[in-house]
Amino acid sequence: IKNIDAPLCWIAGGLGSTPWDNLANLAYNIKKAFLYGNNSKELQNAMKNFNIDYEVDVLLEDAVKKAIKFALENNITLLFSPGYQSFDQFSGFEERGAAFNDYIKKYLS
């Protein structure tokens, strides 16, 4: 997030726990977060703490679909940086990354 100096929408989620103390310095860039997965409650709390608009979905595919629409409507960057392990829905990060690429192709075609 800190390497993108432009407005963005962020897709995050998965399995596990991550401290978000440093998000306060980065929140200004995030126009909306699209959260998914087992830890969406933890992520929702972080978004509320930093006044970031967000939506929650169970599945990554649903979050990607909404994030693409939002990014295109607002002409901003879509950042897929889950921040968590992929094992809640996928066998590993490789499978999750391949699924993300497939969803992008599906919803942009």
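Reader: How many helices and strands are there in the protein?

Author: This is a predicted model. The protein has 3 helices and 4 strands. Read from the N terminus, the order is β-β-α-β-α-β-α.

Reader: What is the mean pLDDT of the protein?

Author: The mean is 89, and 100% of the residues reach 70 or more. pLDDT is the predictor's confidence, on a scale from 0 to 100. Among the elements, α2 has the highest mean, 96. Helix α1 (residues 40-49) has the lowest, 85.

Reader: How do you know that the radius of gyration agrees with a compact globule?

Author: Start from the length. With 109 residues, a compact globule would have a radius of gyration near 13 Å. The protein has 13 Å, so the two agree. The C-alpha atoms fill a box of roughly 30 × 30 × 20 Å along the principal axes.

Reader: What share of the residues counts as buried?

Author: The share is 41% of the 109 residues. To be buried, a residue needs a relative accessible area under 20%. The protein exposes about 6,100 Å² in all, and carbon and sulfur atoms supply 50% of that.

Reader: What part of the contacts joins residues 24 or more positions apart?

Author: Take the contacts with a separation of 6 or more. Residues 24 or more positions apart account for 60% of them.

Reader: How do you know that the span of α3 agrees with its number of residues?

Author: Helix α3 covers residues 93-108, which is 16 residues. At 1.5 Å a residue, they should span 22 Å. The end C-alpha atoms are 22 Å apart, so the span agrees.

Reader: Which residues of α3 are buried?

Author: R96, A99, F100 and Y103 are buried in α3. They cover an arc of only 105 degrees around the axis, so they lie on the same side of α3. The face turned away from that buried side carries exposed residues: E94, K105 and L108.

Reader: Which residues of α2 are buried, and what do they pack against?

Author: The buried ones are L60, A63, V64, A67, I68, F70 and A71. They pack against β1, β2, β3 (54-57), β4 and α3.

Reader: What puts the buried residues of α1 on one side?

Author: In α1, the buried residues are S40, L43, Q44, A46 and M47. They cover an arc of only 160 degrees around the axis, so they sit on the same side of α1. On the other side, K41 and N49 are exposed. The buried residues of α1 pack against β1, β2 and β3.

Reader: Why is N39 called buried?

Author: N39 has a relative accessible area of 6%. The cut-off for buried is under 20%, so N39 counts as buried. N39 is in the loop between β2 and α1. Leaving out residues up to four places away in sequence, N39 touches G13, G14, L15, G16 and Y84.

Reader: Why is A24 called partly exposed?

Author: A24 has 43% relative accessibility. Buried needs under 20% and exposed needs over 50%, so a value in between is partly exposed. A24 lies in the loop between β1 and β2. A24 and M47 are 23 residues apart in sequence, and their C-alpha atoms are 9.8 Å apart in space.

Reader: Why does N51 count as exposed?

Author: N51 has 73% relative accessibility. The cut-off is over 50%, so N51 is exposed. N51 is in the loop between α1 and β3. Its phi is positive, near 55 degrees, in a residue other than glycine.

Reader: Is N75 buried or exposed?

Author: N75 is exposed, because its relative accessibility is 72% and the cut-off is over 50%. N75 is in the loop between α2 and β4. Phi of N75 is positive too, near 50 degrees, and N75 is a residue other than glycine.

Technical notes
Residues are numbered from 1 along each chain as its sequence is written. This is a predicted model: local features need pLDDT of at least 70, side-chain atom pairs count only at pLDDT 80 or more; totals for chains, interfaces and linings use all residues. Side-chain values use heavy atoms; hydrogens and water are left out. Helices (H or I, at least four residues) and strands (E, at least two) are DSSP runs, numbered from the N terminus. The expected span of a helix is 1.5 Å times one less than its number of residues. Buried means under 20% relative accessible area, exposed over 50%, partly exposed in between (1.4 Å probe, protein chains only). The arc is that of the directions from the helix axis to the C-beta atoms. The radius of gyration is taken over C-alpha atoms; the globule rule is 2.2 Å times the number of residues to the power 0.38. Contact means heavy atoms within 4.5 Å. Accessible areas come from the Shrake-Rupley method with a 1.4 Å probe; for residues, only the protein chains shown count as cover.
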